[in-house]
Amino acid sequence: MALTARIQKRYGDFLLDVDFTAEDGAALALLGASGCGKSATLKCIAGIDRPDRGRIALDGRVLFDSAAGVNLPPQQRRVGFLFQSYALFPHMTVERNVAVCLGRMDKRRRRERTAELLALLHLEDQAGLYPRQLSGGQQQRAALARILAAEPGVLLLDEPFSALDGFLKWQLEQELREVLERFPGPAVWVSHDRGEVYRNCSRVCVLEDGKSAPAASMAELMANPGTVAAARLSGCKNFAPVRPGPAPGLVEVPAWGLVLRAPWREGAAALGLRADRVRPEEAGAVNAFPCQVVRVTEDVSSVFAALRPEAASPGAPPLWMELAKDAWAALPDRERLWAAVRPEDLMLLK
C-alpha cells in the first residue's frame with residue numbers, strides 16, 4: 001500500500017507545491033520550519049482543504065484528481081488524522097470515543113475490539129473517564145485509539161508531541177513507534193524536530209516555503225542535504241558563502257579566510273559544516289587552520305566552542321565546534337587552537 005500526493009494549492013501569496021510517496025511499513029517525515037506548508041499538506045490529503053490541482057491516491061484508489069473531477073469527502077478517504085488538539089468528543093468517555101468509530105458490528109465484537117484498542121494504547125484504567133479528566137498524554141493515546149478503530153488506510157500525524165514535556169514525550173514516542181510497527185499502511189509524520197524524525201521515520205521529505213524536495217533516507221539527508229534550508233533542518237550549525245578555490249580540488253571560504261581541500265559542486269553557494277565534524281588538530285594536517293576561541297557554551301554532555309579563524313574577515317560568522325566535555329577539558333590550550341575538518345565532511349550547498 002502506498003500514498004501518493006502530487007498537489008498544488010495557493011493560500012494568498014503562499015503556494016503549496018508538494019510531490020511525494022509514502023510506502024507502507026515505513027513512516028515518511030515531512031520536515032520543515034513553521035509555516036512551510038506541512039500541516040496544510042495533511043489537510044489536503046485528509047480532504048479538509050481542496051487542492052487547486054493535482055492528484056492524491058491511496059493504494060491505487062483516487063482520493064483527489066483535479067483533472068478527472070474526483071474529490072472524495074473526508075469520511076470516504078480512510079485517512080486517520082491525529083490533530084495537535086486531539087479532537088476528542090468532550091461529552092463521551094474514552095471507551096465511547098473509541099467505540100463510536102468502530103462502524104457496524106455486533107455488540108459483543110464492538111466491546112471486544114474496544115477493549116483491544118484500549119489495551120494497545122494502555123488506556124484500560126481510563127476507559128470510563130472524559131477527555132477533560134485526562135492528561136495530555138492520555139488524550140493523545142485516546143485520540144490514536146479512536147483513529148485506529150476506524151481502520152484507516154493511512155495515518156497522518158501532525159506534530160504529535162508538540163504539547164508534551166520532555167519525559168512524557170519520550171515515553172509516548174516509544175508507544176507510538178510500537179503502534180506504527182503494527183500498522184499495515186503508510187504513515188506521514190509532520191515535524192520540525194530532526195531528532196524526533198531521525199528516531200521514528202526511515203524517510204524524510206523536506207519542505208521549504210511550500211515546495212517539497214525529493215524524499216530521501218535520513219542517512220542521505222544527514223550526509224548530503226543539498227540546500228542550506230535542508231542542512232539547517234538536519235542540525236548543521238555552520239554556514240558561510242563559498243566559491244571555487246584557486247586550483248581544482250580546492251574551495252575558498254572568504255568570510256573565514258580559508259582555502260580548503262574539497263571537490264567543487266556546480267551551483268554551490270554556501271559551505272555547511274556540522275559542529276561535531278570540526279575537530280582539534282595538529283598544525284600541518286589536511287584542512288587545518290589556527291583559531292581563537294571567542295565563546296564557550298556548555299550543554300548537558302558536550303561543549304560548543306565558537307571559533308574565529310585567524311584570517312577571518314570582520315563580521316564573519318563564528319565557526320562552532322562541538323566536543324565531549326572530557327575531550328574539551330583535555331585540550332592543552334582552550335583559548336587558541338588548530339582546528340580541521342575532513343574534505344568529505346564539507347557540504348557544498350545551494
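**View 1. The charged end of K9 sits over the ring of Y11.** In this predicted model, the charged end of K9 lies 5.2 Å from the centre of the Y11 ring.

**View 2. F81 and F83 form a stacked aromatic pair.** How many aromatic pairs does a search of the whole structure find? The search turns up 1. Its rings belong to F81 and F83, and because their centres are 4.2 Å apart and their planes meet at 10°, the pair counts as stacked. Now for the surroundings of each ring. F81 is buried, with a relative accessible area of 9%. F83, in turn, is partly exposed, and its relative accessible area is 31%.

**View 3. Strands β13, β17 and β23 make an open sheet.** Follow the 3 strands in the order β13-β17-β23, and you will find antiparallel pairing. At the edges stand β13 (238–241) and β23 (347–349); each has a single partner strand, so one side of each is left without a neighbour in the sheet. From one strand to the next, the twist averages 30°.

**View 4. A closer look at where β13 meets β17.** Strand β17 covers residues 270–273 and runs antiparallel to β13. How many bridges join these two strands? There are 4 bridges between β13 and β17.

Methods: Residues are numbered from 1 along each chain as its sequence is written. This is a predicted model: local features need pLDDT of at least 70, side-chain atom pairs count only at pLDDT 80 or more; totals for chains, interfaces and linings use all residues. Side-chain values use heavy atoms; hydrogens and water are left out. Rings of Phe, Tyr and Trp (its six-membered ring) pair if their centres lie within 6.5 Å; planes under 30 degrees apart count as stacked, over 60 as edge-to-face and the rest as tilted. Buried means under 20% relative accessible area, exposed over 50%, partly exposed in between (1.4 Å probe, protein chains only). A charge sits over a ring if NZ of Lys or CZ of Arg is within 6 Å of the ring centre and within 35 degrees of the ring normal. Two strands pair if DSSP finds at least two bridges between them. Axes are lines fitted to C-alpha atoms, for helices over the stretch in contact, and angles run from 0 to 180 degrees between N-to-C directions.
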